[in-house]
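Here are some notes on the model you sent.

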Amino acid sequence: MSSVPNIVFLNGQYLPVEEATVSVMDRGFLFGDGVYEVVPVFGKKLLRLGDHLQRLQNSLDRISCLNPHADAEWEAIFSDLLGKNPGEDRAVYLQISRGAYVKRDLTANAENPPTIFAMVLHVTPPDIDVVSAGISVITVDDFRWNACDIKSTSLVANVMLRQQATDASVDDAILVKNGAVTEGTASNVFIVKDSVLITPPTSRQLLPGITRDLVIEIAKNNTILIEVRDIRESELYSADEIWMTSSTREIAPVVKLNGEEVGSGVAGDMWKCMMNLYQQYKQELRRK
Ligand SMILES: Cc1ncc(COP(=O)(O)O)c(C=O)c1O
């Protein structure tokens, strides 16, 4: 048994994880009919909670599901949950499914209560030496649907794409649709070319990452040139640097792409600069 308490939130109750159960008729289980969020926590501070709650609202709107709580209520739930699961660097995982129906039926019924589940993930702070060793990735065909802006719990396509990377003995995959880069299997993609940072615009082909937004904001505040535009797959091969960003991974430098070195084959200077600025941002958040 772990010595760390694992108290989760399920439909209004705080329970030890082993006591938290959901019906087999839950649409999250039967159809993956739900949405989720992962909010990083540094000290006691939630990173960009407002942006995460806005994205949650967008995901719920897109699947025509009512938001069961106002933002202030979510904040209170997360704060209680974090109080019951003490620690330093953590993340709050929140999932809302459309709930359990009596019959297995695709038709959604707005009257049916959702299933609301949240837990605290314990996160190991990134070891800069390990992170700066970089990751190896392959490019894969992005065969996903035209609704990747929804942070949906239906993740079977992402699992299949990640499996292609695992089968190729690399860390991750960069997804390419019709010759353009969309994102990673669970991250957004940036490239650096001639000191300009470039990332694809948000669309239904990719998740609007909160880390992506933060990296863009940090770049703008520090006079780093940034272009938000499509990236052709061919540009990956001539990029000076490639990064993959997410709440849990932060900013990972890609050092190998399809077996070839990216740039000089080590984490680049622009990555070092951005990673420092990102860590400073986290430190300031902790102190607030
Ligand atoms: C498909 C996908 N794209 C991008 C991201 C990055 O989003 P964020 O920076 O909000 O973690 C994630 C995060 O899990 C993801 O699953």
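1. The model is predicted. D51 forms a salt bridge with R48, and the closest N and O atoms of the pair are 3.8 Å apart. The cut-off for such a pair is 4 Å. R48, for its part, is buried, with a relative accessible area of 15%.

2. What is the relative accessibility of R27, and does R27 count as buried or exposed? The value is 3%, so R27 counts as buried. The side chain of R27 meets that of D33 in a salt bridge, at 2.8 Å from N to O. D33 is buried too, at a relative accessible area of 12%.

3. In general, side chains of opposite charge can pair when their charged atoms come close.

4. D142 and R144 form another salt bridge, with 2.8 Å between the closest N and O atoms. Both residues of this pair are buried. Over the whole structure, a search finds 17 salt bridges; the pairs discussed here, including D142 with R144, are examples.

5. The next points concern a helix. Helix α5 covers residues 156-167, which is 12 residues. From the first C-alpha to the last, α5 reaches 16 Å, close to the 16 Å expected at 1.5 Å a residue.

6. Which residues of α5 are buried? They are A157, N158, L161 and A165. Seen down the axis of α5, the buried residues fall within an arc of 100°, so they line one face of the helix.

7. What do the buried residues of α5 pack against? Their partners are two strands, β7 (135-141) and β8 (172-177). The face of α5 turned away from the buried side carries V156, V159 and D167, which are exposed. Two of these exposed positions are valines, V156 and V159, and the other is the aspartate D167.

8. A last item on the backbone: α5 is followed by S169. The phi of S169 is positive, near 60°.

9. To sum up the helix, α5 has a buried side, with A157, N158, L161 and A165, that packs against β7 and β8, and a face turned away from that side with exposed residues.

Key
Residues are numbered from 1 along each chain as its sequence is written. This is a predicted model: local features need pLDDT of at least 70, side-chain atom pairs count only at pLDDT 80 or more; totals for chains, interfaces and linings use all residues. Side-chain values use heavy atoms; hydrogens and water are left out. Helices (H or I, at least four residues) and strands (E, at least two) are DSSP runs, numbered from the N terminus. The expected span of a helix is 1.5 Å times one less than its number of residues. Buried means under 20% relative accessible area, exposed over 50%, partly exposed in between (1.4 Å probe, protein chains only). The arc is that of the directions from the helix axis to the C-beta atoms. Contact means heavy atoms within 4.5 Å.
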